[in-house]
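Here is a friendly walk through one model, with the sequence and coordinates to hand. Please keep the viewer open as you read.

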Number of protein chains: 2
Amino acid sequence: MSNRLIPAQAASRKYLFDAFFSGLAGTEAAHEIAFKLGKLSQTINIERGSMAPLDPDKDALVYVGNGATKLIASALSGREQIVAFHFAGDLVSIPAGAWHSYALCALADTDALAFPADEFLEIVGSEPIFLCALLHQSLTALHRCRDKAVGLGRKNAQERLASFLVGMADRIGSTKTGECVLDLPMSRRDIGDSLGLTIETISRQFSELRLAGLVQTTGRSRVLLCDLPALAQRAGHI
Amino acid sequence: MSNRLIPAQAASRKYLFDAFFSGLAGTEAAHEIAFKLGKLSQTINIERGSMAPLDPDKDALVYVGNGATKLIASALSGREQIVAFHFAGDLVSIPAGAWHSYALCALADTDALAFPADEFLEIVGSEPIFLCALLHQSLTALHRCRDKAVGLGRKNAQERLASFLVGMADRIGSTKTGECVLDLPMSRRDIGDSLGLTIETISRQFSELRLAGLVQTTGRSRVLLCDLPALAQRAGHI
DNA sequence: TGGCCTTATTGATTTGAGTCAAAGACTGGT
DNA sequence: ACCAGTCTTTGACTCAAATCAATAAGGCCA
């Protein structure tokens with residue numbers, strides 16, 4: 001049983017769809033489903049900083065082939081909260097008509113496949129292998145979102161930043177022996193919007209972590225996490 | 001395709017399992033699966049205020065047959081965040097070995113069925129109808145959790161409480177023509193732990209909403225929401 | 001019904017993060 | 001290599017919610 005979708009290596013429609021689909025093949029019915037999904041899918045190339053062009057009236061599923069995205073929720077009076085980051089191989093569920101309005105925005109140039117959620121589920125609804133993959137993706141997203149909620153509800157600025165860094169290390173860092181090099185594709189503002197803090201507070205907390213010898217920064221995006229266990233400790237992780 | 005599990009009417013093991021299963025029946029393979037799941041399931045009766053006795057080392061799935069529960073996440077230094085509330089008919093996914101430790105606690109006497117998640121998925125992995133139901137439950141939970149994250153990250157105390165009340169009205173209130181009567185099974189402390197606020201702040205915000213004529217309270221648990229649209233407006237909903 | 005214990009409300013004070021403001025450092029384009 | 005514009009850092013001050021403290025109300029049991 002395959003639970004993990006794999007990232008795409010190139011931007012062309014064929015590669016993108018193949019990458020998406022190759023994580024799922026294996027059954028006899030797969031060919032027909034591939035055909036239907038192929039027709040249903042919309043290839044989107046989102047350039048850094050712009051929004052995925054999604055129908056705001058229908059729930060969407062988006063497969064992120066490569067690049068990186070943020071999922072932004074907007075409440076009244078223009079306040080924005082980044083609800084999740086997604087990287088190559090992730091599948092994002094974007095609800096329409098919720099309390100807040102959601103938009104998917106690229107942090108780097110991104111190639112993706114978009115599907116209307118209900119039709120996707122219609123097609124895939126009889127194929128366990130797809131459903132399993134979807135289920136795992138959504139459970140992973142749910143568990144991440146809960147951990148995020150703990151941070152937003154009960155942690156101070158430093159714990160939130162530490163938690164964010166540990167989480168990113170896990171997803172996009174190159175770790176070895178307690179150290180980790182991270183190239184963050186998001187700005188300080190994005191980090192703030194994700195952690196419920198301001199850009200100034202993020203900056204101050206970076207300074208403190210630097211002073212404590214837990215991280216080093218190079219330029220705007222490169223971060224060296226010197227001591228992951230200590231950072232996880234500061235993050236309030238169990 | 002059935003996406004919704006139904007609540008149990010009585011506490012006995014048979015009724016509980018039947019209620020759980022009747023939301024899912026329909027295929028030929030159902031009988032065998034029912035048998036396997038029956039063997040796998042553990043009936044638990046959790047009394048008000050106590051924790052579900054779950055193996056802390058294995059991911060769990062819990063079907064809440066009746067009653068009400070809170071899912072609590074604990075970070076270091078004993079801080080607790082309520083990550084979700086669940087009512088009759090809900091299926092809860094509880095991860096082990098995450099950043100925070102999770103526990104399911106009953107708000108009222110509750111009857112539930114507990115399953116080890118991996119074995120459950122093993123059994124159910126080939127049956128689309130179960131997977132669909134699971135998928136829908138987890139997507140609903142994910143979308144709720146995201147909306148909660150927006151509140152925790154970007155809303156002030158009053159907006160959070162308004163949002164909470166509107167959400168509860170949706171799930172357990174009896175609504176008619178813009179008004180709604182709610183009997184909250186959770187204490188002010190629970191509300192605070194869910195909204196990332198203190199009990200005092202909750203109390204003050206209730207007072208303000210009362211003063212604004214948006215709610216009336218009777219005793220500790222009864223709340224009358226006088227004007228749902230206005231409340232949703234205060235909640236910052238789009 | 002009365003008494004006791006728990007939970008909720010209200011008030012005074014403190015504090016951590018937000019806001020406003022200014023200076024410094026990257027990055028991309030020419 | 002330089003310049004312009006954007007992003008980041010740091011500092012001074014403000015404010016919303018936390019904390020501390022005391023009173024009031026609600027619910028449960030004898």
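## Where the chains meet

This is a predicted model. In the contact between its two chains, 39 residues of chain B touch 40 residues of chain A. On the chain B side, strand β3 (80-87) and helix α4 each supply at least two residues. The largest share comes from α4(B), with 19 residues. By class, this side of chain B has 21 nonpolar, twelve polar and six charged residues.

## The α4 pair

How do the two α4 helices lie against each other? Helix α4 of chain A and helix α4 of chain B both span residues 128-154, and their axes come within 8 Å and cross at roughly 25°. Because angles under 35 degrees count as roughly parallel, α4(A) is roughly parallel to α4(B). The crossing of α4(A) past α4(B) is left-handed. As for the residues involved, the contact of α4(A) with α4(B) has 22 nonpolar, four polar and four charged residues.

## The nonpolar core

Which residues have the most contacts inside the largest nonpolar core? That core has 102 residues, and the ones with the most contacts inside it are V62, L71 and L131 of chain A together with V62, L71 and L131 of chain B.

## Helix α1 of chain B

Helix α1 of chain B covers residues 13-22, and its buried residues include B:L16, B:A19, B:F20 and B:F21. The buried residues of α1(B) pack against a helix, α2 (30-40), and against the strands β1 (42-46), β2 (60-74) and β5 (101-116), all in chain B.

## Helices α2 and α3 of chain B

Helix α2(B) also has a helical partner in α3 of chain B, residues 117-124: their axes come within 10 Å and cross at roughly 170°. An angle over 145 degrees counts as roughly antiparallel, so α2(B) is roughly antiparallel to α3(B).

Which residues of α2(B) and α3(B) meet? From α2(B) come B:I33, B:K36, B:L37 and B:L40, and from α3(B) come B:E119, B:F120, B:I123 and B:V124. By class, the contact of α2(B) with α3(B) has six nonpolar, no polar and two charged residues.

Conventions. Residues are numbered from 1 along each chain as its sequence is written. Chains are lettered from A and ligands numbered from 1 in the order in which they are written. This is a predicted model: local features need pLDDT of at least 70, side-chain atom pairs count only at pLDDT 80 or more; totals for chains, interfaces and linings use all residues. A nonpolar core is a set of buried Ala, Val, Leu, Ile, Met, Phe, Trp, Tyr and Cys residues joined through C-beta atoms within 7 Å. A residue is buried if 20 or more other C-beta atoms lie within 10 Å of its own, exposed if 12 or fewer, and partly exposed in between; C-beta atoms are placed from the backbone. Axes are lines fitted to C-alpha atoms, for helices over the stretch in contact, and angles run from 0 to 180 degrees between N-to-C directions. Helices (H or I, at least four residues) and strands (E, at least two) are DSSP runs, numbered from the N terminus. Angles under 35 degrees count as roughly parallel, over 145 as roughly antiparallel, 65 to 115 as roughly perpendicular and the rest as oblique. A crossing is left-handed if the near helix is turned anticlockwise from the far one by less than a right angle, and right-handed if clockwise. Ala, Val, Leu, Ile, Met, Phe, Trp, Tyr, Cys and Pro count as nonpolar, Asp, Glu, Lys and Arg as charged, and the others, Gly among them, as polar. Two residues are in contact if their C-beta atoms, placed from the backbone, lie within 7 Å.
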